[in-house]
Amino acid sequence: MSTRPLNIDPQNCFIGGAWVPPLGGQALDLRNPSDGTTLCQIARGDAADIDRAVGAAERALDGDWGRATAFERGRVLAKIGALVLENIDELAVLESNDVGKPLKQARADVVALARYMEFYGGAADKLHGQTIPYLEGYTVYTLREPHGVTGHIIPWNYPMQIIGRSVGAALAMGNACVLKPAEEACLTALAFAEIARQAGLPDGALNVVPGLGAEAGAALTKHPRVRHISFTGSVNVGKLIQETASAHVVPVTLELGGKSPQLVFDDADIDAALPFLVNAGIQNAGQTCSASSRILVHRSKFDEVVMKMAARYRDLRAGPALDDHDVGPLVSMRQKDIVESFIAQGHDLEIAARGEIVADAPAGGAYVTPTLFANVDPGHILAQDEIFGPVQVVIPFDDEDQAVAIANGTDFGLVASVWSQNGARQMRLAKRLRAGQVFINNYGAGGGVELPFGGSGLSGHGREKGFEALYGFSTLKTVAAFHGEDK
Ligand code: ADP
């Protein structure tokens, strides 16, 4: 436990290294989804606050942060990572109360945030340029440079992990960040800013402006001096952001979710697969971009897989986040209504099993009963749309070609997994599946600080995580020096 309490005042923005009230003086209520009570009030930052934050980031780039060497940037990131771990108890409780995430999962997210800081801290001075053979009398080399001010629009489902992967990589490359956390869950973003301050990150290198998407978020996307936007969130807002950023021809990285399948073949080790099949669907109450919401099973194993998944589902309990049940509440009543309307659209389908909401769950909490549908047609809305709740569908297939056609038969392409002992099939499917990550005999929803992550189609574009993110958060300059031919 840290000896330094985090002491954040969520009614403030963090700009230029200081806690400042939003210029408009407005606040928003932040709800605890476990019971519906108001947790606290947060700043309702707007365009003027975003503009202040961009100014502070520019001053950081002109000052200490812009002058820091790659090694120094790495060292401060590593220090932030260490301080994140020192504050694990406080951060995990903040995230649980704010997102509704079961405490154990919130603790895992704190560890992931620290890992991102360690990984990108270590990577900061290891991305090298190239020398390029060219014409006689020239020496040509490349320089990796920061974009400048980068905008980070963060969703509510994994605030810490997504801050880690996006802000961590951006800072490692020497950018100065303006972060707009989600209005539903922003407390750990503010706590992270305070930790970064305590770790000695120069003023203005990281700025956090809480507020509404249509106000602070839109202002960040529109700002003419923001040089890169990274966004994780819904498809509709992603489209809007890409369109808005095009006004200034600003590059965007978009991670917009998916409908990720797990393919279970007749030679799969079903018992080894089982925990992954279910957990990848219900982790964080299914509110995970890379959740596995479709389970595709060879017809010869279909009944066995459905029976075993159903047994697990019947044991699932949804309840208050701090009580650490299998599933917490959804982030909001709005999200609960969306997921329940999806479940209602499955009225004509076979429900293989449902979990339970614990009897003492507060009435004001946003709980949804975990639900498993079997024998679902691949074209059904529940097998096509991202539900973002604790709901999975099981779909039978007859052969490999059909499995691939179903797996690739949505507008998304984020993650997929293959359960089979056949090495040749594993290799074939790793190539044929449309996904930014393919797992073989495992499923890595949310995991893998080191592993490049991102999708295609409606899942977005660009890659975060791993070394790959460092390319996205930097720009390449080619220097061609003419010094004359050798004498
Ligand atoms: P969800 O629908 O799951 O809540 P969103 O895509 O609406 O996800 O939100 C993800 C993030 O995008 C949040 O930080 C939100 O405030 C922000 N956001 C929402 N609308 C806009 C917008 N028009 N411009 C920029 N950011 C936005």
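Predicted model: local features only at pLDDT ≥ 70, side-chain atom pairs only at ≥ 80, totals over all residues.
What is the volume of the second largest cavity? About 70 Å³.

For the second largest cavity, the lining comes to 13 residues. Those nearest the centre of this cavity are Gly286, Ala291, Ser293, Ile387 and Phe388. Sorted by class, the lining of the second largest cavity holds 7 polar residues, 4 nonpolar and 2 charged.

Now the open space. The largest pocket takes in about 1000 Å³. Its lining is made of 41 residues, and Gly233, Ser234, Val235, Val237 and Arg334 lie nearest the centre of the pocket. Which elements give two or more residues to that lining? They are the helices α8, residues 213-222, α9, residues 235-245, and α12, residues 333-344, together with strand β10, residues 228-232. In the lining of the largest pocket, 21 residues are nonpolar, 12 are polar and 8 are charged.

On to the helices. Two packed helices are described by the angle between their axes and by the distance between those axes.

Take α3 and α7 to begin with. The crossing of α3 past α7 is right-handed. On the α3 side, the contact uses Val76, Lys79, Ile80, Leu83 and Val84. These meet Phe192, Ile195, Ala196, Gln198 and Ala199 of α7. By class, that contact of α3 with α7 has 8 nonpolar residues, 1 polar and 1 charged.

From α4 the contact takes Leu91, Leu94, Glu95 and Asp98, and from α7 it takes Leu187, Thr188, Ala191 and Ile195. In the contact of α4 with α7 there are 5 nonpolar, 1 polar and 2 charged residues.

Last pair: α5, residues 103-123, and α6, residues 159-172. How do their axes run? They come within 8 Å and cross at roughly 10°. So α5 is roughly parallel to α6. Helix α5 contributes Ala106, Asp109, Val110, Ala112, Leu113, Tyr116, Met117 and Tyr120. Helix α6 contributes Met160, Gln161, Gly164, Arg165, Gly168, Ala169 and Ala172. By class, the contact of α5 with α6 divides into 10 nonpolar, 3 polar and 2 charged residues.

That is the end of my part.

Notes
Residues numbered from 1 in each chain as written. Heavy atoms only, no water. 1 Å grid on protein atoms, 1.4 Å probe; cavity = no way out; pocket = protein on both sides within 12 Å on 5 of 7 lines; lining within 4 Å. Points joined across faces, edges and corners; volume = space filled by probe spheres on them. Nonpolar A, V, L, I, M, F, W, Y, C, P; charged D, E, K, R; others polar. Left-handed = near helix turned anticlockwise from the far one by under 90°. Helix = DSSP H or I, 4+ residues; strand = E, 2+ residues; numbered from the N terminus. Contact = heavy atoms within 4.5 Å. Axes fitted to C-alpha atoms, helices over the stretch in contact; angles between N-to-C directions. Parallel < 35°, antiparallel > 145°, perpendicular 65-115°, else oblique.
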